[in-house]
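Take a look at the fold below.

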Amino acid sequence: MPENGRKNRTQEAIFVHRIDYELDAKIVGKPVYLPSEAMEHVIARHVLGEGLDRKTKTTFYPVGQKVKGREIPGVMKVEEIVYYIDEAVKEGKPRLEEDKIVIIYEFDEPEKTGINRLKVVLKEVKGDFGIHFEVLTAYPISGPYVPLYEDGRWVR
């Protein structure tokens with residue numbers, strides 16, 4: 001062992017830890033997972049606004065953040081996004097669009113979340129242990145506190 005008491009690390013010993021959250025929801029009786037990279041995308045894009053100049057249209061979760069000089073109301077907490085994704089998958093009606101499963105979920109009480117409609121996009125995954133579904137992205141479509149950034153400016 002080196003003098004500082006640490007073991008030498010080889011390239012083989014370094015790995016990336018991936019977390020998949022299994023949602024309570026099921027699609028055709030199959031489990032649905034929210035992979036960490038999908039949640040990272042949701043936070044980066046639809047909370048922090050990363051890549052706004054590369055996309056023509058983006059909506060935001062109302063969690064009290066500031067994006068491109070605009071204060072977005074804090075109607076919900078960032079931690080609640082996973083709960084609402086799960087609710088949308090559990091209660092929404094999935095439909096097939098090309099090779100993806102799309103769910104548009106309408107909230108009964110949009111004043112609680114600031115969101116009227118939430119879109120969740122999933123893909124089917126066939127693995128060694130059978131079929132499951134994974135969330136690719138999830139974002140608010142509309143709502144009293146859902147701002148829209150389009151073509152380099154705030155539209156609503």
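A nonpolar core is a set of buried Ala, Val, Leu, Ile, Met, Phe, Trp, Tyr and Cys residues joined through side-chain atoms within 4.5 Å. Buried means under 20% relative accessible area, exposed means over 50%, and partly exposed lies in between (1.4 Å probe, protein chains only). The model is predicted: local features need pLDDT of at least 70, side-chain atom pairs count only at pLDDT 80 or more, and totals for chains, interfaces and linings use all residues. Residues are numbered from 1 along each chain as its sequence is written, and side-chain values use heavy atoms, with hydrogens and water left out.

The largest nonpolar core has 29 residues. Y61, I85, V120 and L122 have the most contacts inside it. Seven elements, β1, β2, α1, α2, β7, β8 and β9, each supply at least two residues of this core. Helix α2 gives the most, with five residues. Helices (H or I, at least four residues) and strands (E, at least two) are DSSP runs, numbered from the N terminus. In soluble globular proteins, nonpolar side chains tend to be buried together.

What does V120 touch, leaving aside its neighbours within four places in sequence? V120 is in contact (heavy atoms within 4.5 Å) with I85, A88, V89, I101, V102, I103, V135, T137 and A138.

The protein has three helices and 11 strands. Six strands form an open sheet in the order β1-β2-β9-β8-β7-β6, with mixed pairing. Two strands count as paired if DSSP finds at least two bridges between them. Strands β7 (residues 100–106) and β8 (residues 117–127) pair in the antiparallel sense over six bridges. The bridge partner of E106 in β8 is R117.

α1 (residues 36–46) lies across β1, β2 (30–35) and β9 (130–142), running at about 10° to β9. α2 (residues 80–91) lies across β1, β2, β7, β8 and β9, at about 25° to β1. Axes are lines fitted to C-alpha atoms, for helices over the stretch in contact, and angles run from 0 to 180 degrees between N-to-C directions.

Turn to the charged pairs. A search of the whole structure finds five salt bridges, each a side-chain nitrogen of Lys or Arg within 4 Å of a carboxyl oxygen of Asp or Glu. In one of them, K68 meets D53, the closest N and O atoms being 3.3 Å apart. K68 lies in the loop between β4 (66–67) and β5 (70–71), and D53 in the loop between α1 and β3 (57–59), so the pair ties together parts that are 15 residues apart in sequence. K68 is partly exposed at 46% relative accessible area, while D53 is exposed at 64%. Another salt bridge joins K26 and E22 (3.5 Å, N to O). K26 is partly exposed at 43%, and E22 is partly exposed at 46%.

Finally, the whole chain. Of the 156 residues of the protein, 40% count as buried.
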